[in-house]
Amino acid sequence: SSGADAMIYRPEETISELSTILDLHPGDLVLTGTPSGVAMQAPSALVQRLAAIFLSPGARNRLFVKKQLDRSQYLKDGDLVESTIRTRDGALDLGSQRHLVQ
């Protein structure tokens, strides 16, 4: 399930907690987690072991970041993100927002 009822913390709890450390304003977008099928992909265990033998930590990190940037799943300029938060029964409906990635 990808609805608000599947969230670990309810939207009102998240917004309440965040508002203690951030100034939130109408229209602010709050991304709260990582859905299944995220873009980041760790190298296989074998590749990690080989990299640990042959590459310095800094070189491993640079290579990892470079490989991640090649993945098409990450958001890029021109992508549209549409977010809707509501419970299935409609008791909680925070509406929808659309944002163009720039």
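Modeller: What follows goes through the salt bridges pair by pair. Keep in mind that the model is predicted. The structure holds 4 salt bridges, among them the pairs described here.

Take Glu 82 and Arg 98, whose closest N and O atoms lie 3.6 Å apart in a salt bridge. This pair links distant parts of the chain, with Glu 82 in strand β1 (residues 80–86) and Arg 98 in strand β2 (residues 93–100), 16 residues apart. Glu 82 has a relative accessibility of 49% and counts as partly exposed. Arg 98 is at 55%, so this residue counts as exposed; the cut-off for exposed is over 50%.

Arg 86 and Asp 93 also meet through their side chains in a salt bridge, at 3.3 Å from N to O. Arg 86 is partly exposed, because its relative accessibility is 39%. Asp 93, with a relative accessible area of 43%, is partly exposed.

A further salt bridge joins Lys 76 to Asp 79, with 3.7 Å between the closest N and O atoms. Lys 76 has a relative accessible area of 46% and is therefore partly exposed. Asp 79 is at 22% relative accessibility and counts as partly exposed. Since buried means under 20%, the value of 22% keeps Asp 79 in the partly exposed class.

How values were computed:
Residues are numbered from 1 along each chain as its sequence is written. This is a predicted model: local features need pLDDT of at least 70, side-chain atom pairs count only at pLDDT 80 or more; totals for chains, interfaces and linings use all residues. Side-chain values use heavy atoms; hydrogens and water are left out. Buried means under 20% relative accessible area, exposed over 50%, partly exposed in between (1.4 Å probe, protein chains only). Helices (H or I, at least four residues) and strands (E, at least two) are DSSP runs, numbered from the N terminus.
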